[in-house]
Every structure is written in structure tokens, then in C-alpha cells.
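This report concerns a pocket and a helix pair. Please consult the sequence and the structure shown here.

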Amino acid sequence: AYNNHDVDDGIRAGIVTVSSLCEVELFRRHHDGVRSAHSDLRGRRLVHEIVRRMINEVVTDLIETTATQLSSVKPASIAEVRSQQRPLVGFAERVATEHQELKAFLREHLYNHHLVRATRLRALRIIKSLFEAYCGDVRLLPEEHRVTAERAEEASGATGRARAVADYVAGMTDRYAFLEYGRLFGG
């Protein structure tokens, strides 16, 4: 799902275009299907419907392919699951290939775009700063998380404190992390 939402984000940001995404089979097939069924759709509505259909296909295929594989193997224990030559959960070959093609496209055209790399560096700096600030002074954490960090530190030392702080930071939304960074560091 995140790859498909990245398609939407990349289009909205103007980093990738619908026409460039039509190089990718999964996108092109759904683009053509939506345009055929709804020739009047444009812009955001067109992209929304394409992404919705892409997610539906990938999720449905994952469920159906996994159910078929489980049905044929009929594992009775976790040991039997682990003993399989290949994972029991996965996509059909065509969907896996198309999904990998989409991932490769996004890596080349979106994730490695200079604007995305700059944003990623900024986010990394913010996360690192928040982690270091909270580890340095757990009193900066909200009460319940401060208590959790203190208990973790009592049980496991500095590693426990760091784990509790990491869990807290990992649970932040982007927006909340930006707000906390501004609160703690003024900007």
C-alpha cells in the first residue's frame, strides 16, 4: 500500500507524472482501465481511482495467492511453515514482477529525487535530535512516556531508556515530530 500511496504523493508533489508512470505495467493497466470506464475523470480523481484499483489488485492477489499456498501445504505448526522452501505468504508471479517494477520506478524517479533526499535528511536530523533530547532528559517526554522510560531504565539501564525513547519517537506522526522539534528547539 505504501508504494501505491507514494505514487499519489509523487504526482501531487510534481516529481513524477501520470505519463511517466504509464511506463510501469501495473500503473498503465489500471490507468487504461479507469480511462476506459470513466473517460471524464481528470487530475486528482483519476489518480485516486488508479491508486485505489492498484491497491485492491495487490491486496487481493496477496490474500488469494497466500490462501492457495496455505491450502496446498496445510501446515499444522509453525515448524512446518518455517520448513518450507519458499514463503507461504506472497504474490502471484505476475503481480510480484509488476510490483517490483513499480518499486524500481519509484526508487529511480521519486525516492532518489533531490527534493526527496533533502527532505529525508531533514527528517533524519529531526528524529535524531528528538531522540537525543529525550534520552538526555526524560522529563521532556509526556508523563506516561517519561514513566515508561524511567521504568525501562531501572530494568535495563541506559539501553532500556533508549528503547523506550526510540519507541516513543517511532510512534510519532510526521506532523507531531515537526511540532515537537519546534517546541524543543524553536523552529
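## The largest pocket

In this predicted model, the largest pocket has a volume of about 290 Å³. Its lining consists of 13 residues, and those closest to the pocket centre are Ala123, Leu124, Ile127, Asp174 and Phe178.

Three elements each contribute two or more residues to this lining: helix H7 (114-136), H9 and helix H10 (174-185). The most is given by H7, which supplies six residues. By class, the lining of the largest pocket comprises nine nonpolar, two polar and two charged residues.

## Packing of H8 and H9

Helix H9, which spans residues 158-170, packs with helix H8, which spans residues 143-156. The angle between the two helices is about 150 degrees, and their axes lie 6 Å apart. Because angles over 145 degrees count as roughly antiparallel, H8 is roughly antiparallel to H9. The crossing of H8 with H9 is right-handed.

## Residues in the helix contact

On the H8 side, the contact is formed by His145, Thr148, Ala149, Ala152, Glu153 and Ser156. On the H9 side, Ala158, Thr159, Gly160, Arg161, Ala164 and Tyr168 take part. Divided by class, the contact of H8 with H9 holds five nonpolar residues, five polar residues and two charged residues.

Methods
Residues are numbered from 1 along each chain as its sequence is written. This is a predicted model: local features need pLDDT of at least 70, side-chain atom pairs count only at pLDDT 80 or more; totals for chains, interfaces and linings use all residues. Side-chain values use heavy atoms; hydrogens and water are left out. Axes are lines fitted to C-alpha atoms, for helices over the stretch in contact, and angles run from 0 to 180 degrees between N-to-C directions. Helices (H or I, at least four residues) and strands (E, at least two) are DSSP runs, numbered from the N terminus. Angles under 35 degrees count as roughly parallel, over 145 as roughly antiparallel, 65 to 115 as roughly perpendicular and the rest as oblique. A crossing is left-handed if the near helix is turned anticlockwise from the far one by less than a right angle, and right-handed if clockwise. Contact means heavy atoms within 4.5 Å. Ala, Val, Leu, Ile, Met, Phe, Trp, Tyr, Cys and Pro count as nonpolar, Asp, Glu, Lys and Arg as charged, and the others, Gly among them, as polar. On a 1 Å grid over the protein atoms alone, a cavity is a set of points where a 1.4 Å probe fits but cannot get out, and a pocket is an open set with protein on both sides within 12 Å along at least five of seven lines; lining residues have an atom within 4 Å of a point. Grid points are joined across faces, edges and corners, and a volume is the space filled by probe spheres set on the points.
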